[in-house]
Amino acid sequence: MSAAEVTTPFVRRRRPATVRRKRFLLAVANHAVLIAAAIAFLAPIGFMLLTSLMTSDQALSARLWPQPFAWHNFVDVFTTAPIWRWTLNTLQYSVLATIGVLVSSVPVAYALARLRWRGRNVAFMIVLIALMLPPQVSVVPLYVMWAKLHLVGTLWPVIIPNWLGDAFSIFLLRQFFLTIPEEYLDAARVDGCGELRILYTVVVRLAKPAIAAVALFSFLYTFNDFFLPLLYTGENAHHWVLQIGLSEFRSLHQVQWNLTMAATLVVMAPVIVIFFLAQKAFVEGVTLTGVKG
Amino acid sequence: MLLLMSPWLVGFSVFFGYPLVMSAYLSLHHYDLLSPPRWVGLANYRYLFFTDPQVGAAVKNTLWMIAVLVPLQVLFALGVALMLARARRGIGLFRTIFYLPALTPPVAATLGFVYILNPVTGPVNNILKRIGIDGPLWFQDPSWAKPSLVILGLWGVGNTMVIFLAAVLDVPQHLYESAELDGANWLQRLRWVTLPTISPVILFAVILGVIQGLQYFTQAYVAGNIASGQASQAADVTSVGLGYPEDSTLFYPVLLYQHGFSDFQMGYASAMAMLLLAVSFAVTLVIVLNSRRWVHHAAGALK
């Protein structure tokens with residue numbers, strides 16, 4: 001902004017009063033629309049929160065404001081549904097998958113970004129194609145494969161693939177690794193480092209923000225994932241993750257909208273907390289990749 | 001090198017190469033997971049294209065969703081991003097508010113919307129009633145179920161919006177200034193400066209939107225299940241309620257799921273997967289090839 005002003009070689013003439021008033025009104029209108037949109041975006045969560053605090057009779061009535069506030073709904077949710085077990089299952093999936101994504105995708109991204117070898121471009125193209133394909137395309141043979149390994153009904157079919165490279169993470173990490181100056185790597189090579197040591201001492205340290213972003217995306221994705229866990233554990237309630245439990249919650253508790261909304265908010269809460277806790281690391285990662293992208 | 005690439009080489013072969021080949025193989029067989037695959041030639045494809053009474057509806061619903069939701073999402077995200085870029089205050093707060101819904105789990109968001117848009121007890125119709133409007137039946141009405149899903153989709157537009165906002169803020173300031181010197185008004189600056197500069201980002205959003213439209217599943221599955229009110233009992237997730245009401249939320253991936261994993265017609269589901277594969281490829285290709293006409297690629301002159 002200031003740079004642009006400095007380089008502007010002419011002095012701005014004062015704008016006529018009518019123009020200034022028009023601009024002011026435009027700015028007000030702009031903010032008014034934004035605030036209205038923001039309220040509309042917050043309203044659904046607000047309604048969910050209000051309903052989650054109603055008694056079940058109130059939730060079925062036309063009233064919008066809970067009277068009295070039924071705080072115990074949030075206790076009831078945990079006593080009426082095995083939310084803790086669903087949470088443990090979800091953590092098993094999310095944590096193991098996220099570690100797997102990092103361990104497997106970092107070296108692949110490095111090889112794609114910084115090493116020269118025949119077929120590298122073809123390999124990168126295939127990563128891009130894998131990124132584009134709907135999961136439904138490959139799901140039937142994979143289901144058959146896991147069924148033959150007797151792992152349908154457990155969470156392993158959704159965890160194990162993450163230990164063998166994730167296309168999105170490889171892509172994102174590669175883009176970041178491309179921006180690391182070659183001199184750093186050369187300096188390490190001159191010192192006699194092998195590529196593996198360069199990767200784990202130099203590159204990983206420089207790429208911390210990108211790695212944090214990948215870990216965050218991976219965790220959120222697996223936490224929110226529904227299709228694949230449903231496919232493999234739908235029939236086995238013992239291994240349900242939070243999302244499946246939530247989707248079945250209402251059928252377990254006939255039409256109790258207040259409890260259903262409380263459960264919905266309980267499932268949303270970790271995501272919201274992670275977002276606010278990690279917002280800084282997240283934004284840092286994104287801007288860092290954006291500065292020299 | 002080989003060592004570094006090895007996880008991906010295994011992963012690619014097992015989870016990408018093998019399923020594609022196997023899908024093609026299974027699509028020519030009758031297979032129910034219990035007895036060995038039986039060769040049936042092109043029968044699965046014949047059934048898919050000519051006989052299956054639900055494929056027509058599923059394809060139509062999927063195309064409807066893509067044709068309506070993707071342009072609306074792009075326009076909406078762009079509009080909000082442009083307004084945010086002009087806002088002088090609170091840009092961070094607004095960005096958080098608009099972004100947050102995009103992070104919420106799709107299952108939770110869908111449940112919330114099915115309740116909020118509940119025709120009788122939901123707050124939206126209650127408020128509409130107070131101002132004298134009889135609200136629609138939303139997820140209970142075949143002609144309103146998809147529009148309800150569109151509203152849900154627009155609520156989750158934050159991701160696209162954040163990307164657009166970054167792109168809009170990245171447009172070089174001097175371009176606006178020279179346009180202003182030439183006497184361009186707000187609309188002309190948008191048309192000739194902003195849009196051309198961010199067009200690659202818009203293209204990216206459109207491709208992503210179409211690809212996601214082709215795999216639209218979770219919201220439709222949950223909405224159909226909950227709205228039908230016949231959600232299955234614990235430990236027995238069946239496909240009761242899929243497509244409810246009257247197949248209006250029966251999307252192609254939902255139908256594929258039903259055939260493959262509740263009827264266990266693995267061969268037929270593979271044929272459906274092959275069609276989805278072909279369409280995904282074709283769509284991406286068509287969009288990318290056509291994009292040269294309207295996407296501005298930053299040339300050397302700018303750098």
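How many of the 293 residues of chain A count as buried? The share that counts as buried comes to 38%, where a residue is buried if 20 or more other C-beta atoms lie within 10 Å of its own, exposed if 12 or fewer, and partly exposed in between, with the C-beta atoms placed from the backbone.

## About the model

This is a predicted model, in which local features need pLDDT of at least 70 and side-chain atom pairs count only at pLDDT 80 or more, while totals for chains, interfaces and linings use all residues. Residues are numbered from 1 along each chain as its sequence is written, and chains are lettered from A and ligands numbered from 1 in the order in which they are written.

## The two chains

The secondary structure of chain A consists of 15 helices and zero strands, whereas chain B has 13 helices and two strands; here helices (H or I, at least four residues) and strands (E, at least two) are DSSP runs, numbered from the N terminus. Of the 303 residues of chain B, 40% count as buried, and the C-alpha trace of this chain spans about 75 × 65 × 40 Å along its principal axes.

Two residues are taken to be in contact if their C-beta atoms, placed from the backbone, lie within 7 Å. Among the contacts in chain A with a separation of 6 or more, 77% are between residues 24 or more positions apart, and for chain B the corresponding figure is 69%.

Chain A is divided into domain 1 (2–73) and domain 2 (82–252), with bounds that come from an automatic or database domain assignment. The C-alpha centres of domain 1 of chain A and domain 2 of chain A are 37 Å apart.

Helix 14 of chain A covers residues 242–252, and because ten of its eleven residues are buried, this helix is largely enclosed by the rest of the structure. Among the buried residues of helix 14 of chain A are A:L242, A:I244, A:L246 and A:F249, and the list also includes A:E248 and A:R250.

## Where the chains meet

In the contact between the chains, 74 residues of chain B touch 71 residues of chain A. Helix 1 (residues 2–26) of chain B gives the most to the side of chain B that touches chain A, contributing 16 residues. By class, that side of chain B has 54 nonpolar, 17 polar and three charged residues, where Ala, Val, Leu, Ile, Met, Phe, Trp, Tyr, Cys and Pro count as nonpolar, Asp, Glu, Lys and Arg as charged, and the others, Gly among them, as polar.

Helix 7 of chain A and helix 1 of chain B pack at an angle of about 100°, with their axes 7 Å apart; axes are lines fitted to C-alpha atoms, for helices over the stretch in contact, and angles run from 0 to 180 degrees between N-to-C directions. These two helices, helix 7 of chain A and helix 1 of chain B, are therefore roughly perpendicular to each other, since angles under 35 degrees count as roughly parallel, over 145 as roughly antiparallel, 65 to 115 as roughly perpendicular and the rest as oblique. In this pair, A:V140, A:P141 and A:L142 of helix 7 of chain A meet residues of helix 1 of chain B that include B:F15, B:Y18 and B:M22.

In another pair, the axes of helix 2 (residues 17–52) of chain A and helix 3 (residues 55–86) of chain B come within 10 Å and cross at roughly 130°, which makes helix 2 of chain A oblique to helix 3 of chain B. The contact is made by A:N30, A:V33, A:L34 and A:A37 of helix 2 of chain A and by B:V80, B:M83, B:L84 and B:R86 of helix 3 of chain B.

Most residues other than glycine have a negative phi, and most peptide bonds are trans. In chain B, the peptide bond from B:Y244 to B:P245 is cis, with omega near -10°.

A:H150, although not a glycine, has a positive phi of about 60°, and A:H150 counts as exposed because it has 8 C-beta neighbours inside 10 Å. For B:F264, phi is near 55°, and with 14 C-beta neighbours inside 10 Å this residue counts as partly exposed.
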